[in-house]
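Please look over the model below before reading on. My notes follow as numbered points.

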Amino acid sequence: MPIYEYRCESCAEKFEVLTRFAERDSAQACPACESNKTRVLVSSFAFASGGESSSVSDFASESSSGGGCCGGACGSCGSSSN
Ligand SMILES: [Zn+2]
């Protein structure tokens, strides 16, 4: 079961509750003032992922290397006409 962090709106107390996902949105009693005006906070571990940034550095400097001779624009290559 995941741990959700709640915040009491009455005394601003933060506390964690080990509860099910289905009961995440239901109010939990504040351990400090026993108020039910608590709200669940967004779990932080959901944002902790990432960091696997894809670096596109394979295509370093291979841009100006012609090679398009037989493309059709060249008039002195591959012209076999009998
Ligand atoms: Zn409270």
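1. Start with Glu34. Glu34 sits in the loop between S2 and S3. Strands here are DSSP runs of E with at least two residues, and helices are runs of H or I with at least four; both are numbered from the N terminus. The phi of Glu34 is positive, near 60°, and Glu34 is not a glycine. Most residues other than glycine have a negative phi. Is Glu34 buried or exposed? Glu34 counts as exposed, because it has 10 C-beta neighbours inside 10 Å. The cut-offs use C-beta atoms placed from the backbone: a residue is buried with 20 or more others within 10 Å of its own, exposed with 12 or fewer, and partly exposed in between.

2. A word on the source. This is a predicted model, where local features need pLDDT of at least 70, side-chain atom pairs count only at pLDDT 80 or more, and totals for chains, interfaces and linings use all residues. Residues are numbered from 1 along each chain as its sequence is written.

3. Confidence comes next. pLDDT is the predictor's confidence in each residue, from 0 to 100. Its mean over the chain is 74, and 51% of the residues reach 70 or more. Over residues 46–55 the pLDDT is below 50, and this stretch has zero contacts in the model beyond near neighbours in sequence. A contact means two C-beta atoms, placed from the backbone, within 7 Å. Where pLDDT is low, the predicted coordinates should not be read in detail.

4. Now the overall layout. The chain has three strands and zero helices. Along the sequence, the pattern reads β-β-β. Of the 82 residues in the chain, 6% are buried. Among contacts with a separation of 6 or more, 36% join residues 24 or more positions apart.

5. What is the order of the strands in the sheet? The three strands form an open sheet in the order S2-S1-S3, with antiparallel pairing. S2 and S3 (38–40) are the edge strands, each pairing on one side only. From one strand to the next, the twist averages 35°; axes are lines fitted to C-alpha atoms, and angles run from 0 to 180 degrees between N-to-C directions. Strands count as paired if DSSP finds at least two bridges between them.

6. Look closely at S1 and S2. S1 covers residues 3–8 and S2 covers residues 14–18; five bridges join these antiparallel strands. Ile3 stands opposite Leu18 in S2. Tyr4 has Val17 of S2 as its bridge partner.

7. The hairpin of S1 and S2 has five residues between the strands. Ala12 lies in that loop. Ala12 is not a glycine, yet its phi is positive, about 60°. Ala12 is exposed, with 10 other C-beta atoms within 10 Å.

8. Finally, Gln28. Where is Gln28 placed? Gln28 is in the loop between S2 and S3. Gln28 is partly exposed, with 18 other C-beta atoms within 10 Å. Beyond its neighbours within four places in sequence, Gln28 is in contact with Tyr6, Val17 and Thr38. Gln28 and Val17 are 11 residues apart along the chain, and their C-alpha atoms are separated by 7.9 Å.
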